[in-house]
Amino acid sequence: MMNDAEHRPPNPFTSPTVVEERMKHKDSIATTQAEPRKRSVVRSAAILLIAMVVVGLLVLSGIIPRLRSRKALAAETNELAAPTVLVVLPKRGAPSQEILLPGNIQAFVDAPIYARTNGYLKRWYFDIGSHVKQGQLLAEIESPEVDQQLSQAQADLGTVTANLHLSQITANRYADLIKQDAVSQQETDNAVSDLASRNTAVKSAQANVDRLKQLVSFEKIYAPFDGVVTARNTDIGQLIDSGASGGQARSLFQVAAINKLRVFISVPQIYSQAAVPGLTADLTFAEFPARRFQGKLVRTSRSIDPTARTLNVEVDVDNAKGELLPGAYTEVHLKLKESIPTMTIPVGALLFRREGLRVAVAKSDNTAELVPVTLGRDFGDFAEITTGLTGQERIVTNPPDSIIDGERLNIQTDKRQTAAGAGPGGGR
């Protein structure tokens, strides 16, 4: 028997060929439907990317100028914060063996003349400006009290002298009588002791007379040395108090020896070893513009003043003609045996710090550096630097008080001060 399936005619829709064709048709339909979707996604992504790019460009266009402005503001702030300073090159001192120092002239001997006795000024013989010789009479004092005391002392001396004479006679008599046993030994000893006492009283009275005579001799005041009367502080009839009784003594005259003068100068420590006795020193004065008075360094204190760091030096100068006056100001040109290289800078460039004297130097990158220096002579507007500078530094002439190492500087060159700086350093 045969199955129904075997005798059933084939279904055209279930044949493999038909099924395959259907599947291909479905795939084609799906592909046709997916292509628009894919295009839509790509288009959306492109639009989103373009939008992001546009937004990014807009953001960058706002941030970049702001950053540039901020950077420019910071640079401008830093530039304005940097102090504007003037710089000059230090002036090298001339390689000379001469230094210029200020000095005050003093008389070789200058003494006030006081009275040694009390009284009234009877007369004076020399006024200010008078030349006197040693031993010349300057004035006379009238002292009636001292004269009366001398008269009394002389009378007392006469009395004790008479008593001494009587005691001598008595002692001699007792010495003869004791040999004859006419008097006792006690009486003889009393007479001898009285003689010794009278002798002592005479000596005391004589000493008092001599003292009063010396006071009377002080009524005349003499010049102690050759010189010039520079002051007269008394006049005729004025009461004179020697101060012996506790009063206030006052000088009557001032006498100065001006044939030779002393000049004391303070030599900076850096030159102290070269300043030795025997050096030549010329003195110049404003009142003698074309002249130099020759002096000589005669002695030094051999000690550095711890406050000023200077050596006290005495220069003597001859003044036989009397042209130079005590008390005058002079400039001493001291000729040293050794030359010391120095630099000259404006005084305003010096910084007095706790750690010591400093000078602000502008380095090649326009930053500040504080350099320790040693100060030499002071010329007023300019100062001499003995150590610390080589001559190639750019010195800040107007440093602010707050300047520190590494601080940025706004540099300007002061040509005027550079030219003026040549003054004090040269020609010495």
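This is a predicted model: local features need pLDDT of at least 70, side-chain atom pairs count only at pLDDT 80 or more; totals for chains, interfaces and linings use all residues.
**Entry 1: α3 and α4**

I began with two helices. Helix α3 covers residues 144–179, and helix α4 covers residues 185–217. I looked up the angle and the distance between their axes, since two packed helices are described by these. The angle is about 160 degrees, and the axes are 8 Å apart. Angles over 145 degrees count as roughly antiparallel, so I noted α3 and α4 as roughly antiparallel to each other. Their crossing is left-handed. Next I checked which kinds of residue form the contact of α3 with α4. I found 18 nonpolar, twelve polar and five charged residues.

**Entry 2: T367**

I then went to T367. This residue sits in the loop between β17 (356–362) and β18 (368–372). Is T367 buried or exposed? Its relative accessible area is 9%. Buried means under 20%, so T367 is buried. I looked for a side-chain partner and found D365, joined to T367 by a polar contact of 2.6 Å between the side chains. Beyond four places in sequence, T367 touches V361, A362, G406, E407, R408 and L409.

**Entry 3: E393**

My last stop was E393, in the loop between β20 (382–387) and β21 (394–396). E393 is buried too, with a relative accessible area of 14%. Which backbone nitrogen does the side chain of E393 reach at 2.9 Å? I traced that one to T390. The backbone nitrogen of G391 lies 3.0 Å from a polar atom of the E393 side chain. Leaving aside neighbours within four places in sequence, I listed V88, L89, P90, V361 and G388 as contacts of E393. V361 was already in my notes as a contact of T367.

Note on methods:
Residues are numbered from 1 along each chain as its sequence is written. Side-chain values use heavy atoms; hydrogens and water are left out. Axes are lines fitted to C-alpha atoms, for helices over the stretch in contact, and angles run from 0 to 180 degrees between N-to-C directions. Helices (H or I, at least four residues) and strands (E, at least two) are DSSP runs, numbered from the N terminus. Angles under 35 degrees count as roughly parallel, over 145 as roughly antiparallel, 65 to 115 as roughly perpendicular and the rest as oblique. A crossing is left-handed if the near helix is turned anticlockwise from the far one by less than a right angle, and right-handed if clockwise. Ala, Val, Leu, Ile, Met, Phe, Trp, Tyr, Cys and Pro count as nonpolar, Asp, Glu, Lys and Arg as charged, and the others, Gly among them, as polar. Buried means under 20% relative accessible area, exposed over 50%, partly exposed in between (1.4 Å probe, protein chains only). A polar contact is a pair of N or O atoms within 3.5 Å; within protein, one must be able to donate a hydrogen and the other to accept it, and residues adjacent in sequence count only if both atoms are side-chain atoms. Contact means heavy atoms within 4.5 Å.
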